[in-house]
Amino acid sequence: MSPASAVVVGLGSIGTRHARVLCELGLSVATVSRRGGGSHGSIGEALSTGQVDYVVIATETARHVEALRELADADFRGTVLVEKPMLARPEPLPAFPFAKLFVAYNLRFHPVMAALAEHLEGRPAITVSAYVGQDIRDWRPGRDHRATASSTVDAGGGVLRDLSHELDYLLWLFGPWQRVAALGGASGARDLEVDDHLALLMEMARAQVVEVHLDYLDRAGLRRIRINLSDETVEADLVGGSLSINGVATQYANERDASYRAMHLAALGGNGPVCSFTEGMAVMDLIDASERALHSRSWISA
């Protein structure tokens, strides 16, 4: 049976979505916002009002650890879901007392991605090309994109972190990574201090050549992965909702919140491919290695 009570910490666009989806799933949802507008002003206050079984951390990336420590200090023992990525920077973490700790890589639950994972069945690939791009100016209508957490280093922004879904699903499908090289940076095209475009070249345990393209620039918006196996070419179009095998496409319905609902149900029920704490930290390891490769202009090995 699903827990009856949840707390969402952080009421930006993603925290608001989590709260709405959990309400639609029938949970009693309280919210915490340090800027006001939430049910409570602190995590301790929210936990003191009664039984809470599920907590979603949806603050700025740079504040995730602070929220997790507050939960631990309040002796919370339920299930925690942290928005991706797990951290802004790699750092040692204590042994948290939570029953379960997950990371919110909801693209694992996109119907096209789920169909792709089922089709691959762990088979090795020869080449993999993953592309994600969307103009950051279109992300949050009505807000100056330069004033959002995505645009600032201190908040944990930049394409490697914001678009780390690609790193997660590549590790999930083909990992672990073995070596990585990187090119890219801050182009100036969107007046940002963070990296707005990046290309990675990787070798992974189950893929000989992996190319990853991440950007805040693409005017049309695209999210695709193309895979060459020994006997098949497979392309997953997550925006268009199709999975093509040797050019023959199957369409999948993709309602906007479906992957979030499925992810929450998996976290609450303890089933499904929800990203574990260990897997979330593996993404952070790859982010760190990619940045070291970018700055050193050299290959970084695992």
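Is F96 buried or exposed? In this predicted model, F96 has a relative accessible area of 16%, which places the residue under the 20% limit, and F96 is therefore buried. F98 likewise counts as buried, at 9% relative accessibility, and F76 is buried as well.

These three residues, F76, F96 and F98, are linked by ring pairs into a cluster. Two aromatic pairs are counted in the structure. A pair of aromatic rings is described by the distance of the centres and the angle of the planes. For F76 and F98, the ring centres lie 6.2 Å apart and the planes meet at 50 degrees, so this pair is tilted. Distant parts of the chain are joined by the pair, since F76 belongs to the loop between α3 and β4 and F98 to the loop between β4 and β5, 22 residues apart. For F96 and F98, the centres are 5.2 Å apart and the planes stand at 10 degrees, so the pair is stacked.

Helix α3 spans residues 64-73, and its buried residues are H64, V65, A67, L68 and L71. Viewed down the helix axis, these residues fall within an arc of 160 degrees and so line one face of α3. They pack against α2, β3, β4 and β5. Just after the helix, D75 adopts a positive phi of about 60 degrees.

The largest nonpolar core comprises 74 residues, of which L116, L170, F174 and I227 touch the most other members. Helix α8 supplies the largest share of this core, with seven residues. Another core, of 18 residues, lies apart from it and includes A6, V21, L22 and L81. Elsewhere, the charged end of R179 sits over the ring of W299, 4.3 Å from the ring centre.

Conventions
Residues are numbered from 1 along each chain as its sequence is written. This is a predicted model: local features need pLDDT of at least 70, side-chain atom pairs count only at pLDDT 80 or more; totals for chains, interfaces and linings use all residues. Side-chain values use heavy atoms; hydrogens and water are left out. A nonpolar core is a set of buried Ala, Val, Leu, Ile, Met, Phe, Trp, Tyr and Cys residues joined through side-chain atoms within 4.5 Å. Buried means under 20% relative accessible area, exposed over 50%, partly exposed in between (1.4 Å probe, protein chains only). Helices (H or I, at least four residues) and strands (E, at least two) are DSSP runs, numbered from the N terminus. The arc is that of the directions from the helix axis to the C-beta atoms. Contact means heavy atoms within 4.5 Å. Rings of Phe, Tyr and Trp (its six-membered ring) pair if their centres lie within 6.5 Å; planes under 30 degrees apart count as stacked, over 60 as edge-to-face and the rest as tilted. A charge sits over a ring if NZ of Lys or CZ of Arg is within 6 Å of the ring centre and within 35 degrees of the ring normal.
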